[in-house]
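Terms are given with their cut-offs where they first come up.

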There are 2 protein chains.
Amino acid sequence: MNSSKTVGLADVAREAGVSLATASRALNSAYGVAATTRERVAEVARRLEYVASPEASRLATGATRSVALVVPHLDRWYFGEMVGGLEEVLREAGHDVLLYHVGDPEGRHAFFEHLPARRKVDAVVVVAVPVTDHERRRLELMGVTIVAAGGQDATYPYVSIDDAAAVRQATEHLLRLGHRRIAMITAVDPDRTDQPVHRGRTRGFYEAMVRADVPVDEELVVATTWGGVQAAEAMENLLSIRELPTAVLAHSDEMALGAMRTIRRAGLRVPEDISVIGIDDHPLAELVDLTTVRQPVRDQGLQAAHLLLALLRGQKPNLAQKLPTRVVVRSTTTTAREKQPSPAHPAPDTTSH
Amino acid sequence: MNSSKTVGLADVAREAGVSLATASRALNSAYGVAATTRERVAEVARRLEYVASPEASRLATGATRSVALVVPHLDRWYFGEMVGGLEEVLREAGHDVLLYHVGDPEGRHAFFEHLPARRKVDAVVVVAVPVTDHERRRLELMGVTIVAAGGQDATYPYVSIDDAAAVRQATEHLLRLGHRRIAMITAVDPDRTDQPVHRGRTRGFYEAMVRADVPVDEELVVATTWGGVQAAEAMENLLSIRELPTAVLAHSDEMALGAMRTIRRAGLRVPEDISVIGIDDHPLAELVDLTTVRQPVRDQGLQAAHLLLALLRGQKPNLAQKLPTRVVVRSTTTTAREKQPSPAHPAPDTTSH
């Protein structure tokens with residue numbers, strides 16, 4: 001189908017008036033070539049419709065110049081944003097990006113058992129996937145560089161936020177507003193219900209409460225599988241507790257929205273009756289005026305790609321990079337009420353037992 | 001790094017007690033092999049840690065067994081969901097998925113001029129990217145199969161929704177509720193402001209209004225770049241019109257949320273003063289009780305991948321597949337008020353001029 005006149009690198013070099021080696025380096029964006037030379041060679045290559053043969057490039061550099069991204073949930077904003085950042089930097093550096101979605105248990109099992117990326121890539125980025133010991137041993141069979149983007153996993157060089165710190169910030173925001181009965185809705189991965197989605201988040205909550213010398217009511221700390229509807233259901237359970245929380249800290253903004261729906265449907269007001277804070281600063285959080293802890297998701301992707309490139313170049317980058325988070329105050333949190341609300345619930349009978 | 005004992009396909013075939021051809025077909029998930037045989041061969045391959053050489057597979061089949069996905073916005077739910085569907089089917093069929101993000105004008109230009117996927121893939125899926133004539137000619141230089149997923153572009157075999165029909169459904173829902181002054185906020189691509197994001201949506205609005213014999217006030221049809229904040233600003237302009245709309249149809253759910261924020265901040269109520277309907281059924285639409293037109297996004301990805309596989313197999317699939325959409329009524333739309341609201345605006349002086 002393709003009109004394949006074979007224009008070789010030698011043709012490009014001759015036309016651009018440079019050596020073969022310089023033409024090769026210029027087209028591979030390698031260092032040691034002046035920008036003007038690089039542009040001239042690129043212009044000639046474009047004009048001649050020269051296309052490098054991937055096999056030839058691989059033979060020349062001993063590398064595939066491909067990177068595998070292992071991503072558990074493509075349908076969530078967080079992962080798309082992260083992948084966008086990774087792709088941008090890797091692409092600009094001349095790498096191809098192979099996408100491996102390991103969403104459900106079968107897909108995940110198939111990926112780690114068959115290692116479809118083996119021999120095809122120079123590196124793997126695990127995007128916010130906590131890997132088991134078995135999976136780690138399988139990955140290492142590939143014998144390539146591995147980094148983690150997001151979802152801090154100290155097994156590999158990583159760029160992430162400090163999950164415990166993010167939740168401490170959220171908790172401290174609520175404590176400063178006078179809240180004491182603070183509920184937390186944590187998430188477990190639907191496919192790995194034995195594990196929290198981000199280790200450290202529940203710990204951050206306890207740390208902030210202990211530091212402030214505020215006792216935690218265990219009834220108010222609930223775990224559910226990740227998701228807005230699941231958080232809405234968890235919130236129903238929280239509303240059935242005799243003494244309601246005055247504030248709720250949700251694992252993510254999507255889950256905060258689920259909790260808010262339940263609160264409003266129960267005839268209570270956000271934030272007057274119950275304050276709600278999320279984590280992420282999802283693009284829609286601004287539109288629904290949700291108070292949240294902002295994490296720089298795209299930046300984690302960009303920086304994880306730079307970390308990977310540095311490792312591939314044999315440099316010595318910082319192997320544990322944590323990006324800062326900060327509270328963004330909008331209209332879903334306010335000062336704690338003196339008296340707990342109870343329109344949908346009878347007042348607790350303080351005389352009983 | 002990798003302990004490379006070279007286990008060949010012949011070893012797997014011998015151990016599994018099948019012919020070389022059967023072992024090859026079994027591992028490539030090709031037809032004509034009994035499920036039990038396929039499982040036995042896979043089990044042996046796993047046990048022996050056999051890994052197919054990608055180069056060998058390519059030589060054997062004359063194909064790269066790779067597909068390029070060209071995606072403009074990875075940070076939006078719609079695209080992630082679509083890519084998730086495509087990846088699942090292509091992966092199961094044994095294809096690698098190469099991701100090409102062409103978000104900004106530079107990235108887009110670089111992709112179409114340099115064709116980084118050339119010679120690396122058997123096929124390209126353009127994911128809701130309307131390509132220009134020039135870009136189409138560049139793509140065709142690759143000499144591979146091309147299909148479109150989402151964002152109907154009749155240039156290539158495609159799977160999408162009927163954008164005009166989706167907007168007609170939304171408009172007819174509002175008309176049935178008695179609305180006559182209906183505003184529409186349409187989106188143009190931030191990088192292609194000369195073009196609507198989905199052709200057909202504005203047309204669908206006019207079609208429904210004309211059929212119902214309701215005149216369209218051109219002042220109420222506004223275009224803005226895609227995004228919730230942009231829609232919020234467009235809504236501000238709509239609220240400055242003397243005679244307010246009683247309903248707003250937004251290009252997407254994200255944009256509907258932006259419009260709702262402006263309406264509420266102006267002291268008006270949704271839906272009592274102004275009804276709002278979106279398009280998509282974004283996962284968060286359910287959580288904020290947004291009335292919308294549901295489109296099956298993941299299904300478009302799944303089905304586009306099947307369409308592509310059928311073309312690669314030389315079959316004759318339906319080249320123009322449109323999936324149905326339907327209105328999901330939640331709480332942001334209601335019957336039109338008799339009298340237009342005006343808390344933030346003086347009542348129009350009907351005696352003037």
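Being four residues apart in helix α9 (residues 201-211) of chain A, Arg203(A) and Glu207(A) are separated by about one helical turn; helices (H or I, at least four residues) and strands (E, at least two) are DSSP runs, numbered from the N terminus. The two form a salt bridge, with 2.9 Å between the closest N and O atoms; the term stands for a side-chain nitrogen of Lys or Arg within 4 Å of a carboxyl oxygen of Asp or Glu. This is a predicted model, in which local features need pLDDT of at least 70 and side-chain atom pairs count only at pLDDT 80 or more, while totals for chains, interfaces and linings use all residues; side-chain values use heavy atoms, without hydrogens and water. Residues are numbered from 1 along each chain as its sequence is written, with chains lettered from A and ligands numbered from 1 in the order in which they are written.

**Chain A overall**

- Chain A has 13 helices and 13 strands.
- Of the 353 residues in chain A, 55% are buried (under 20% relative accessible area; exposed is over 50%, partly exposed in between, with a 1.4 Å probe and protein chains only).
- Among contacts in chain A with a separation of 6 or more, 71% come from residues 24 or more positions apart; contact means heavy atoms within 4.5 Å.

**Salt bridges**

- The whole structure holds 34 salt bridges over all chains.
- Arg265(B) forms a salt bridge with Asp289(A), the closest N and O atoms being 2.7 Å apart.
- That pair joins two chains, because Arg265(B) lies in helix α11 (residues 253-265) of chain B and Asp289(A) in the loop between α12 (283-287) and β11 (291-294) of chain A.
- Arg265(B) is exposed, at 54% relative accessible area, whereas Asp289(A) is buried, at 19%.
- Glu135(A) and Arg108(A) form a salt bridge with closest N and O atoms 2.7 Å apart.
- This pair links distant parts of the chain, 27 residues apart: Glu135(A) is in helix α7 (residues 133-140) and Arg108(A) in helix α6 (residues 105-114), both of chain A.
- Glu135(A) is buried at 9% relative accessible area, and Arg108(A) is buried at 8%.
- A network of salt bridges links Glu87(A), Arg91(A), Asp96(A) and Lys120(B).

- In soluble globular proteins, nonpolar side chains tend to be buried together.
- Beyond its neighbours within four places in sequence, Met235(A) is in contact with Ile185(A), Val248(A), Ala259(A), Thr262(A), Ile263(A) and Ile274(A).

**Second largest pocket**

- The second largest pocket contains about 540 Å³ of space.
- It is lined by 24 residues, of which Met260(A), Arg264(A), Val288(A), Met260(B) and Arg264(B) are the closest to its centre.
- A pocket is an open set of points on a 1 Å grid over the protein atoms alone, where a 1.4 Å probe fits, with protein on both sides within 12 Å along at least five of seven lines; lining residues have an atom within 4 Å of a point.
- Grid points are joined across faces, edges and corners, and a volume is the space filled by probe spheres set on the points.
- Helix α11 (253-265) of chain A and α11 of chain B each supply at least two residues of the lining.
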